[in-house]
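Look over the sequence and the fold before reading on.

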Amino acid sequence: AITRAKLRILRKTACETPPRPFFCAHGKTRGRFRRCTAQTEIKEGYTIKMKKNSLIFILGSCAYPTLEVLWRGYTHSSMALAGGVCMILINRICCERMEKKSLAAKCAAGSLIITGVEFVLGIVVNRILHLHVWDYSSMPMNILGQICIPFSAIWFFLTIPATALCKLCGKAADHIFLPGKRNAAKRVTAP
């Protein structure tokens, strides 16, 4: 049910669809020429999701190059892109879609995600652009010198802190981007 307070908040946000006379396909309008509140709710949800994903991308684009600097002493700017994409995919797949799966299944999926992103980025950066950022040719069980099984095993275990960071980032984003709902919950619980 939509309360009057929620309607006031929803009316303040811009709705891209014009007011609909008499009825709304979603059935969530009141009055003759009010905005479709369902469209506004969808837009707000999308905006919040976009902000969460941006925060997770920034976290990944900082964490991955930092790990590489700690591991081998230097990094490349393409690793920031790889880290951000990996964190977004780990959040989407391991934290959201595989929420009820075992830790081993999440880690296997995370390892495949990171290895896949590393392979695609390696083909583009190392083979097509000839930047020679990394080369696993000397490692055992490598594919085109871009990925190898030993590093995939490392990514398997690295997925554990990555999923924890994604969940922590999601909670932080809720705390930052939904202050009205947080305050409303406090008012309801307060005597």
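**Pockets, a patch and salt bridges**

The second largest pocket has a volume of about 360 Å³. A pocket here is an open set of points on a 1 Å grid over the protein atoms alone, with protein on both sides within 12 Å along at least five of seven lines. Grid points are joined across faces, edges and corners, and a volume is the space filled by probe spheres set on the points. The model is predicted, so local features need pLDDT of at least 70 and side-chain atom pairs count only at pLDDT 80 or more, while totals for chains, interfaces and linings use all residues. Residues are numbered from 1 along each chain as its sequence is written, and side-chain values use heavy atoms, with hydrogens and water left out.

Helices (H or I, at least four residues) are DSSP runs, numbered from the N terminus. By class, the lining of the second largest pocket holds ten nonpolar, no polar and four charged residues. Ala, Val, Leu, Ile, Met, Phe, Trp, Tyr, Cys and Pro count as nonpolar, Asp, Glu, Lys and Arg as charged, and the others, Gly among them, as polar.

E68 also takes part in a salt bridge, with R72, where the closest N and O atoms are 3.0 Å apart. A salt bridge is a side-chain nitrogen of Lys or Arg within 4 Å of a carboxyl oxygen of Asp or Glu. E68 and R72 are four residues apart in helix α2, so about one helical turn separates them. E68 is buried, with a relative accessible area of 12%, whereas R72 is partly exposed at 26%. Buried means under 20% relative accessible area, exposed over 50%, and partly exposed in between (1.4 Å probe, protein chains only).

How many salt bridges does a search of the whole structure find? The search finds three. One of them joins K49 to E96, with the closest N and O atoms 3.0 Å apart. K49 lies in helix α2 and E96 in helix α3, so this pair ties together parts that are 47 residues apart in sequence. E96 also meets R92 in a salt bridge, at 3.9 Å from N to O. Here the two residues are four apart in helix α3, so E96 and R92 are separated by about one helical turn. K49 is partly exposed at 32% relative accessibility, E96 is partly exposed at 35%, and R92 is partly exposed at 33%.

Helix α3 gives the most, with three residues. L81 lies in helix α3 and is partly exposed, with a relative accessible area of 45%.

Rolling a probe the size of a water molecule over the atoms shows where empty space is left. A cavity is a set of grid points where a 1.4 Å probe fits but cannot get out, and lining residues have an atom within 4 Å of a point. The count comes to two cavities of 30 Å³ or more. The second largest cavity has a volume of about 30 Å³. Which residues line the second largest cavity? They are Y64, M79, A82, C86, I114, V117, E118, L121 and W134. Helices α3 and α4 (103–128) each supply at least two residues of the lining, and α4 gives the most, with four residues. The lining of the second largest cavity has eight nonpolar, no polar and one charged residues.

I149 lies in helix α5 and is partly exposed, with a relative accessible area of 46%. The C-alpha atoms of I149 and T115 are separated by 9.1 Å, although the two are 34 residues apart along the chain. K171 is also placed in helix α5, and counts as exposed at 61% relative accessibility. K171 and K52 are 119 residues apart in sequence and 9.1 Å apart in space, C-alpha to C-alpha.
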